[in-house]
Amino acid sequence: MYAPTKLKFSPSHLVTITVLLTLLLFIPQIWLNWQAYYNFNNITKNEFRLQKLSDEIVYLDEVLTMSARMNAATGNIMWEKRYRQFEQKLDGAIQESIKLAPQAYNSEDAKKIDVANQKLVKMEYQSFDLVKDNKQQAAQQLLSSREYENQKQIYADGVAKRRLNIALELQQQVIYYRQKIFWAILGSIISLILLIPSWLLVLRLLQEYLKAKKIAQLALEETNLALETKVAARTETLNQKNIELENTLQELQSTQIHLIQTEKMSSLGQLVAGVAHEINNPVNFIYGNLKYAREYTQQLMDLMNLYRQEYSVTNSQINTKFKELDIEFILDDLPKILSSMEVGADRIREIVLTLRNFSRLDEAEMKPVDIHEGIDSTLLILQHNLKGKTGQQEIKIIKDYCENIPQIECYAGGLNQVFMNILNNAIDALREKEVEELKQEIKQQTSYIQIQTQVKNEKYIIIRIKDNGFGIPEEVKSKLFDPFFTTKPVGKGTGLGLSISYQIIVDKHKGNIICNSSSGNGTEFVIELPIKHIWESDFVSESSCVDRE
C-alpha cells in the first residue's frame, strides 16, 4: 500500500474515483441480479400455477363427462345445468393456461386436442338434445360409443403430453436462470475483491483527515468552552430571573383578582346586612303592633255587635247604614286580613333573618355554625336566578338534609361564598342545557339541583351539590380548580370561583372538595369539612344519616 504523500492526486480525487468505480461495477451487477431473481421467481410462480391449472382442467373435464352421462342416465335437467356451470370454469382455466404458456397451445398436438375436445362437446350436446326428446337410451349409447371413448382417449393423452411438455420447458428455463444468477453473483464477488484495496486506501486517508480535523476541533472547542460557560451561566441566571418574575407576576395577578372577588363578596355582605337591618326595624314595629291591632279590633267588633243588639231595631238609619256597609262581611273578613298581615310579617322576618345569616361574609372569626342556614341563605340570594327569566323553566331544589348534623367550626362567610360559586355554576350549566335542548328540539327535562348533607364519621361531615346538566368532559375536569381557568365566554367568568372555593375548603378549613362528573351525566361537587377545627376528645355520635361509604 502506498503512502498518501506519494500520490499524484489529492485524497478527495481518490475518494471520488473509488466511489465512481464502485457504482460502475455494482449498479450493473445489482440490476442483473435483481432481473435474474425476478425472472426466476416469475417462472417458479408460473410453473406452480400451470400445474394447478392442469390438475383443474383434468378435474373439470371429468366433471363434464360425468354430468353428461348422469344426464343421459337419469334424465334430470339438473345435470345439464351442472355441465353448463363447470363448462364455463373449464373454458376460464384453459384461457388462463394459454396466457401463461401460449407456445404449448400452438403446436400440432394442441390442435389435435382441440379437435377431440370439439367432437366430445358436440356429442355431449347431442346427448342433451336426445334427453330433452325423451331418448335417454340413445343418449346413453352415444356417450358410451367407441367414437366417444376414442376422442376421450385422444383428449386425455394430449392433455397429459402437453402438461409434460410444459413442465420440461419450465425446468429448462429454471436451469437457465439459475446459471444466470450464479454468474451474476460470481461477478459481484469479483468486483468486491477488486474494490477492497481501493476502499482500504480510502479508509486510511479518511483516518488521517479525521485525525487532523479532530486536532483542529479540540483547539476550537477549548477556545469556545470558556465562552460557552460564561454564556450558559448568564443565560441560567437570566432564565431564573425570568421564572421568578413570571411567578411573581402570576401571583400578583391572582392575588389582585382574588382581592377584587373578596371585596365584591364583602360589599355584597355589607349591602345585604344593611338592607336586612333597615327592613328589620319597621317589620318589628309592624309585627309588634299587629297583636294590639287584633285585640283592639276584637273589642270594637264586640262593641259593634252589642250596639246592633241594642239600637238597630229602633233606629232605621243604623240598619240602613249596616246594609250599605255589608257589616256582616266586614266583621267576617277583618280577622282574616289581620291574620294574613301577621303571616306576611312573619315571612318578612324570616327573609331578614336569612339575609343576616348570609351577610356574615365579612366575619373573620371561626365559630360554630349551622351549615343548613348558610345553604338556605345562599339559595335565597339566588332565588331570582332559580326562577329564571321569561320563557325559562324554574330550577327545582331538592334538599336532603341530615336532621342530626352538628354545628361545625368554620368561617361562615367563606363557606357561603363556596356555596354561592358552586350553585351559580350549576345554574349556568342547567341554563346552557335548556338552550341546547331548545335548539335541538329535544323534549326538556326538569332541571334540578340536589343538596345533601350527612355525617361521615365523628370528625367529618359531607355536603353534596349535584345537578342534572350535561356534565363536564374529562379533559376539562382536571383543570377545574386551576386559577383563571374557565369555559365561559369572555366577560362572563373570571376562572377564580372554584379556585377560591378550593382555597377556602382545603387551605382555610383543612377539608377536601372533589368533582364527580362525566359528559351527559350531570355534575356533583362533594365537600368534606371537619366538625371541629382543633380535635377534641368528645366526638359526635353517629346518626341515621352517617355516610357508610
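Tutor: Start with a cysteine. Cys 515 counts as buried because its relative accessibility is 11%; buried means under 20% relative accessible area, exposed over 50%, and partly exposed in between (1.4 Å probe, protein chains only). Cys 410 is buried too, at 0%. The structure has zero disulfides, a disulfide being a pair of cysteine sulfur atoms within 2.5 Å.

A word on the basis. This is a predicted model, where local features need pLDDT of at least 70 and side-chain atom pairs count only at pLDDT 80 or more, while totals for chains, interfaces and linings use all residues. Residues are numbered from 1 along each chain as its sequence is written, and side-chain values use heavy atoms, with hydrogens and water left out.

Now the sheet. Five strands form an open sheet in the order β2-β4-β5-β7-β6, with mixed pairing. Strands (E, at least two residues) and helices (H or I, at least four) are DSSP runs numbered from the N terminus. Two strands pair if DSSP finds at least two bridges between them. The edges are β2 (396–400) and β6, each pairing on one side only. On average, neighbouring strands are turned by 15 degrees against each other, direction ignored. Axes are lines fitted to C-alpha atoms, for helices over the stretch in contact, and angles run from 0 to 180 degrees between N-to-C directions.

Look at β5 and β7. They run antiparallel, joined by eight bridges. Ile 463 stands opposite Ile 527 of β7. Helix α8 packs on the sheet and touches β2, β4 and β5; its direction makes about 170 degrees with that of β4.

Next, the core. A nonpolar core is a set of buried Ala, Val, Leu, Ile, Met, Phe, Trp, Tyr and Cys residues joined through side-chain atoms within 4.5 Å. The largest one has 42 residues, and Ile 449 and Ile 527 have the most contacts inside it. Elements supplying at least two residues each include α8 (371–381), α10 (412–439), β4 (448–455), β5 (460–467) and β7 (523–530). Helix α10 gives the most, 10 residues.

Ile 527 shows the packing. Contact means heavy atoms within 4.5 Å. Beyond four places in sequence, Ile 527 is in contact with residues including Val 418, Phe 419, Ile 422, Ile 463, Ile 505 and Ile 513. Apart from this core lies another, of 24 residues, among them Leu 53 and Ile 113.

One loop to finish. Lys 510 sits between α12 and β6. Its phi is near 60 degrees, a positive value in a residue other than glycine. Lys 510 counts as exposed because its relative accessibility is 55%.
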